[in-house]
Amino acid sequence: MRSLPVTDPGTPDARGPLRYLWWVARAQAAPLLAGMGLAVLWWLGQAMVPSALGRAIDAVTAADSGTLLAWSAVLLGLGVLQAVTGVLRHRFAVFTWLSAAYRTVQVTVRQAARLGATLPKRLSTGEVVSVGNSDIAQIGNAMEILLRGAGAAVSIVAVTVILIATSVPLGLVVLIGVPLMAAAVGPLLRPLHRRQHEQRDLQGDLATRAADIVAGLRVLRGVGGEQVFAARYREESQRVRHAGVRVASVESLLEGAQILLPGVLIACVTWLGAHFALDGRITPGQLVAFYGYAVFLIAPLRTLTEAADKLTKGHVAARRVCRILSLEPEITGGDAPFSAGEGTLRDGESGVEVRPGRLTALAAASPEDAIAVADRLGAFAPGDVTLGGAPLADLPLAEVREHIVVADNGARLFSGRLRDELDVRGTAGDEEIGQALYAACAEDIVAALPEGLDAYVAESGREFSGGQQQRLRLARALLADPEILIMVEPTSAVDAHTEARVAERLGKARAGRTTLVCTTSPLVLDRADHVLYVEGGVVRAEGGHRALLGTSPGYRSAVTRGED
């Protein structure tokens, strides 16, 4: 029994869709080839039935009971062969489909984790989600059809050889007719490919729109914007529908060709075979065999047309996957030894310095400036950042992520047990979790849940209010206990009373650790060891909160919102 998914999916070849599909095929070469072999036997078992049946009919005509029994036994053996190989072929087909789909999911998720903050800057949510919704199925179909397609091609060749050996004219009809049918289908593939690509783009945009509406539904209801966004969604949905109809129009022609073209070939072979039988050039058994071959050819010819369709769709899907896999993260990191506790974290662009073991606050005239500084200090955006004098870009990114945590309001709560959502490393006990909840003033949230820490959190924590989500995210950040913690407006959604308590407890919870809080809250700023004021992306003043109120008009205006 094979286990899926595999532990290591390998390194994909993302230089192009065809190269990616070839990499997926090579990664599962053994089961793919075994499945092809079984498919060939399965198709050949079916292809030999008309011949055996024709021989049996000729034996009846000649009143040869021994030969009749022999060919009847051959027919039974061919039936058993088809049954066994059909079951095994299907098992290998399912395995190759799942293997290709899982492998694509693995390399895509791994790339998403590698890109980190770069991914949402380059691709929309819908594009990424569509890979898991539809692209993996198309790539799996492309791998699965290789099994039946290979067997179908071999069976067509085998039937053609038998027909030529029996009757050269009939064999030539098949030999010439099959390539002509393939050539007739070819002109449909290019517009199909183009329209599928357009539909795939629109589906990604629609998925992004849906994700945005769901995420902002509470805000939309608050401002009465449901109808406006619903109308926009309907409009985009209609575009996707029209694109789907355009794809279906070509696919319908392709489906019709799968019936018409083999039917024409069958009619020609049957008509010629009947005339040859009347002329005595072939036996009655051979006529029955020729008719059987003509009917049999419908299936492999349809399979080849189906293969062209599925490989085209797989090519479109692989192009999307390659687009994700070809992205490079803005921050890659180096291999220098990491030690967060030895020096100051400094942003050369703004002049912000976060000194070790202190609670530093950053008040910015523009919220964008604070976010930009936090992103650079947390290695989520490129910048001239040093830690203890060493460039942050030279340090291993995995260790930077472990030792420097940036907690902003864009972070989400994931679905699952609340205990697991707070203790992301799975190492804290109830006492440590309780201390983090206390520091974040979130004990009341857990106390109100019937199951407490074992309560199930829905997607994005939607059962909690904005302020509750913010306090739970703060508790999660504190429980991670990184050497350097950078927080962006951690109390913006809570009331003044709760904010005062958080400000009082935050310094005690982070005692001895390096902490930067980006905020304009006077309650939090007053509790900081050191305050930096940033205006125009550069530090303009620094010192204590009360001192800066008297010496820096810009700081006073930013903190008091222009009120004295």
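Tutor: Helices (H or I, at least four residues) and strands (E, at least two) are DSSP runs, numbered from the N terminus. The model is predicted: local features need pLDDT of at least 70 and side-chain atom pairs count only at pLDDT 80 or more, while totals for chains, interfaces and linings use all residues. Residues are numbered from 1 along each chain as its sequence is written, and side-chain values use heavy atoms, with hydrogens and water left out.

Student: Which residues make the nonpolar surface patch?

Tutor: A patch takes residues with over 30% relative accessible area and no salt bridge; nonpolar side chains (Val, Leu, Ile, Met, Phe, Trp, Tyr) are joined within 5 Å, like charges within 9 Å. Areas come from the Shrake-Rupley method with a 1.4 Å probe, and for residues only the protein chains shown count as cover. Here I164, V168, L172, L175, I176 and L180 form a patch of about 520 Å².

Student: Which helix gives the most to the patch?

Tutor: Helix α6, residues 168-215, does, with five residues.

Student: V168 is found in α6. Is V168 buried, exposed or partly exposed?

Tutor: Buried means under 20% relative accessible area, exposed over 50%, and partly exposed in between (1.4 Å probe, protein chains only). V168 has 47% relative accessibility, so V168 counts as partly exposed.

Student: What does T96 touch?

Tutor: Contact means heavy atoms within 4.5 Å. Not counting residues up to four places away in sequence, T96 touches Q28, P31, L32, M143, E144 and L147. T96 is in helix α3 (residues 65-115), and its 0% relative accessibility makes T96 buried.

Student: Which backbone oxygen does the side chain of T96 reach?

Tutor: A polar contact is a pair of N or O atoms within 3.5 Å; within protein, one must be able to donate a hydrogen and the other to accept it, and residues adjacent in sequence count only if both atoms are side-chain atoms. The T96 side chain reaches the backbone oxygen of A93 at 2.8 Å. Another case stands at the start of α17, where a side-chain oxygen of D495 comes to within 3.1 Å of the backbone nitrogen of H497.

Student: How many Å apart are the end C-alpha atoms of α17?

Tutor: The expected span of a helix is 1.5 Å times one less than its number of residues. Helix α17 (residues 496-509) has 14 residues and should span 20 Å, and its end C-alpha atoms are 20 Å apart, which agrees. For α16, with 15 residues, the reach from first C-alpha to last is 21 Å, close to the 21 Å expected.

Student: Which residues of α17 are buried, and what do they pack against?

Tutor: T498, E499, V502, A503, R505 and L506 are buried. The buried residues of α17 pack against α14 (430-439), α15 (443-447), α16 (466-480), β9 (484-488), β10 (514-518) and α18 (522-525). As for α16, 13 of its 15 residues are buried, so α16 is largely enclosed by the rest of the structure.

Student: Where do residues take a positive phi?

Tutor: Just after α16, D481 has a positive phi of about 50°. C441, in the loop between α14 and α15, has phi near 55° and is not a glycine; C441 is buried at 1% relative accessibility. E489, in the loop between β9 and α17, is also not a glycine and has a positive phi of about 45°. E489 counts as partly exposed, at 24%.

Student: How many salt bridges are there?

Tutor: Side chains of opposite charge can pair when their charged atoms come close. A salt bridge is a side-chain nitrogen of Lys or Arg within 4 Å of a carboxyl oxygen of Asp or Glu. The count by this rule is 21.

Student: Which salt bridge links distant parts of the chain?

Tutor: R376 and D347 meet at 2.8 Å, N to O. R376 is in helix α11 (residues 367-377) and D347 in strand β1 (residues 345-347), 29 residues apart. R376 is buried at 9% relative accessible area, and D347 is buried at 0%.

Student: What separates K310 and E306?

Tutor: Their side chains form a salt bridge at 2.9 Å, N to O. K310 and E306 are four residues apart in helix α10 (residues 298-325), so about one helical turn separates them. K310 is buried at 17%, whereas E306 is partly exposed at 23%.

Student: Which residues are linked in a network of salt bridges?

Tutor: R417, R419, D420, D430 and D454 are.
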